[in-house]
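Open the model in your viewer and keep the selection tool at hand. Each stop below says what to select and what is there.

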Amino acid sequence: MTIAYSTELICFLILSAVIVSGSLAVVLLENIVYSAFLLGGVFMAVAGLYLLLNASFVAAAQILVYVGAVNVLILFAIMLVNKKEKLKPIEGLVTRKLLSGGICGGLLILLLRVSITTKWNLPGPTSIGEEATDRIGEHLFTDYLLPFELASILLLMAMIGAIVLARRDISSTEDEVKNLKNQKSLIEKKIPLLSENSLK
Amino acid sequence: MLENSIGPVPLQAYLIVAAFLFCTGVWGLINSRNAVRVLMSIELMLNAVNINLMSFSSYIDGSIIRGQVFSIFVITVAAAEAAVGLAILLSLYRNRVTIDMESFNLLKW
């Protein structure tokens, strides 16, 4: 058992080091493309933690949804809005960063104190193994049926909403569109968010 | 000494990692000026919540694993949030030609 425990400990240490350093890099790095790829690394490490917690199904869902969908979506958004722009300086930025850093550090200390000093009534980790997937299925179709159906409605609404929001409404005539040299001039026309034409 | 003291990874270790991830996400959410990075910070915070749910599910809930079901719902909501958030970001960029959070102040008083 000792070898199993020490292997678990080593895996946990590596994964948590990846999570901590990766999340700091996501927030602090200047180049946002690096941040996006490191975010994928953090998601993979979190999936590894789920595997350590005997949850193979959720780990697979995490990789599929976060790394496969959300991270790719973020990369696409970065590519679509990738304009090098000089952010104009605002006053008190350093003060704001320090202040919010202090507040977040305080929140961290509070959370650490709560999690360390609380006497958790622990039966200990349960190795449920492959049975977890069956159990999740039973939950989803018995006592969590209503949230499950609501989640499907939420996904449908999100899909339609994303299409409506991200669609480019071209209210100009076809000749105008042909004359436009590139997409830049379409952007500069400043088409409104939801024009009258989009509601027809 | 090490062989006697070693056991399964304690619950507190997972909670500490999740707390750190959450606080990093909060800091990034407040301080990022790039709108895409704000969305990334929200994803970090949701992941921290998920780690907490999963560790409690494994350590306390036994074989009922309600926490895993909850974290699946959180993953679903996070995916929907990312899709809608990035769509809003694209249409904002189309209207304002910037992704600086400081310039999105139309609803400020």
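**Before you click**

This is a predicted model, in which local features need pLDDT of at least 70, side-chain atom pairs count only at pLDDT 80 or more, and totals for chains, interfaces and linings use all residues. Residues are numbered from 1 along each chain as its sequence is written, while chains are lettered from A and ligands numbered from 1 in the order in which they are written.

**Stop 1: chain A**

Select chain A and colour by secondary structure. Helices here are DSSP runs of H or I with at least four residues, strands are runs of E with at least two, and both are numbered from the N terminus. Along the sequence the pattern reads α-α-α-α-α-α-α-α-α.

Now look at burial. A residue is buried if 20 or more other C-beta atoms lie within 10 Å of its own, exposed if 12 or fewer, and partly exposed in between; the C-beta atoms are placed from the backbone. Of the 200 residues in chain A, 22% are buried.

**Stop 2**

Select Asn54(A). This residue sits in the loop between helix 2 and helix 3 of chain A. Check its backbone: phi is positive, about 60°, although Asn54(A) is not a glycine. Is Asn54(A) buried or exposed? Asn54(A) counts as buried, because it has 22 C-beta neighbours inside 10 Å.

**Stop 3: helix 3**

Move on to Leu75(A), in helix 3 of chain A. Leu75(A) has 17 C-beta neighbours inside 10 Å, so it counts as partly exposed. Leu75(A) and Ala36(A) are 39 residues apart in sequence, yet 6.4 Å apart in space, C-alpha to C-alpha.

**Stop 4: helix 4**

Select residues 93–117 of chain A, which form helix 4. This helix has 25 residues and reaches 36 Å from its first C-alpha to its last. That is close to the 36 Å expected at 1.5 Å a residue, where the expected span is 1.5 Å times one less than the number of residues. One of the 25 residues is buried, so helix 4 of chain A lies largely in the open.

**Stop 5: the interface**

Show both chains. Here 75 residues of chain A are in contact with 69 residues of chain B. Contact means that the C-beta atoms of two residues, placed from the backbone, lie within 7 Å. Which helix of chain A gives the largest share of the side that touches chain B? Helix 1 of chain A does, with 13 residues.

Colour that side of chain A by class. You get 56 nonpolar, 14 polar and five charged residues. Nonpolar covers Ala, Val, Leu, Ile, Met, Phe, Trp, Tyr, Cys and Pro; charged covers Asp, Glu, Lys and Arg; the others, Gly among them, are polar.

**Stop 6: chain B**

Chain B has four helices and zero strands. The radius of gyration of chain B, taken over C-alpha atoms, is 19 Å, well over the 13 Å that the globule rule (2.2 Å times the number of residues to the power 0.38) gives for 109 residues, so chain B is more spread out than a compact globule. Its C-alpha trace spans about 60 × 30 × 25 Å along the principal axes. Of the 109 residues of chain B, 51% count as buried.

**Last stop: Val97(B)**

Select Val97(B), in the segment after helix 4 (66–96) of chain B. Its phi is positive, near 55°, in a residue other than glycine. Val97(B) is partly exposed, because 15 other C-beta atoms lie within 10 Å.
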